Amino acid sequence: MRPLRYSINVSLDGCVDHNFARPCEDLHLHAAQSIARADALLFGRTTYEMMESAWRRPSPDMPEWTAPFAQSISESRKYVVTSTLASVDWNAEIVDGDIEKTVRRLKNEPGNGIFTGGVQLPLALADMGLIDEYEFVVHPVVVGRGPTLFAGLAERVELELVGREEFSHGVVASRYVPADQSLSR
């Protein structure tokens, strides 16, 4: 079974608005490697549109070190959960209908894993118990406003730390698995 891995940039006070993070080379390389170890990406409409607008045709003004991330995300197979888009391209297809059933089917296909990001879709996936690994890339900044991580989660999810990595500017990425999954390892 392919694991569903979730990764998100988050401030110390839980803000997940992508505008607060300071881009740097080592974080982009880490994100490119994370995406490259997945067979597919699973995005909600908002995240898909944000990623497509930034990375489908990266600005020529982008630093050279963003190229591996742009290449990884562009080449990846994408599944987009949406009820508002009529069509997608950029190596993507729309997922509609029963999301839980579809995600379980995707996870049961052979391969290395599925990567997801964003805010609303991962909240629903967490409520369904479908996320196999959580990565929180914590930036040392207090934002004081904006969307927060897992606002509205139906039930708490107990997690166990399985990895930690430090990056420039005091950024720390911590990886967790649901505690009930760690018992079966």
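Me: Is Asp 132 buried or exposed?

Reply: Burial is read from relative accessible area: under 20% is buried, over 50% is exposed, and partly exposed lies in between (1.4 Å probe, protein chains only). Asp 132 has a relative accessible area of 12%, so Asp 132 is buried.

Me: What kind of model is this, and how are residues numbered?

Reply: This is a predicted model, in which local features need pLDDT of at least 70 and side-chain atom pairs count only at pLDDT 80 or more, while totals for chains, interfaces and linings use all residues. Residues are numbered from 1 along each chain as its sequence is written, and side-chain values use heavy atoms, with hydrogens and water left out.

Me: With which residue does Asp 132 form a salt bridge?

Reply: A salt bridge is a side-chain nitrogen of Lys or Arg within 4 Å of a carboxyl oxygen of Asp or Glu. Asp 132 forms one with Lys 107, and their closest N and O atoms are 2.8 Å apart. Asp 132 lies in the loop between helix H5 (120-127) and S6, and Lys 107 lies in helix H4 (residues 99-108), so the pair ties together parts that are 25 residues apart in sequence. Helices (H or I, at least four residues) and strands (E, at least two) are DSSP runs, numbered from the N terminus. Lys 107 counts as buried because its relative accessibility is 5%.

Me: How many salt bridges does the structure hold?

Reply: The structure holds 11. One of them joins the side chains of Arg 37 and Glu 133, at 3.0 Å from N to O. Arg 37 sits in the loop between helix H1 (25-36) and strand S2 (40-44), and Glu 133 in strand S6 (residues 133-139), so this pair ties together parts that are 96 residues apart in sequence. Arg 37 counts as partly exposed, at 36% relative accessibility, whereas Glu 133 counts as buried, at 11%.

Me: Which strands pair with S6, and in what sense?

Reply: Two strands pair if DSSP finds at least two bridges between them. Strand S1 (residues 4-11) pairs with S6 in the parallel sense over 7 bridges. Glu 133 in S6 is the bridge partner of Arg 5. S6 and strand S8 (residues 172-178) run antiparallel and are joined by 5 bridges; Phe 136 stands opposite Ser 174 in S8.

Me: How many of the residues of S6 are buried?

Reply: S6 is mostly covered, with 6 of its 7 residues buried.
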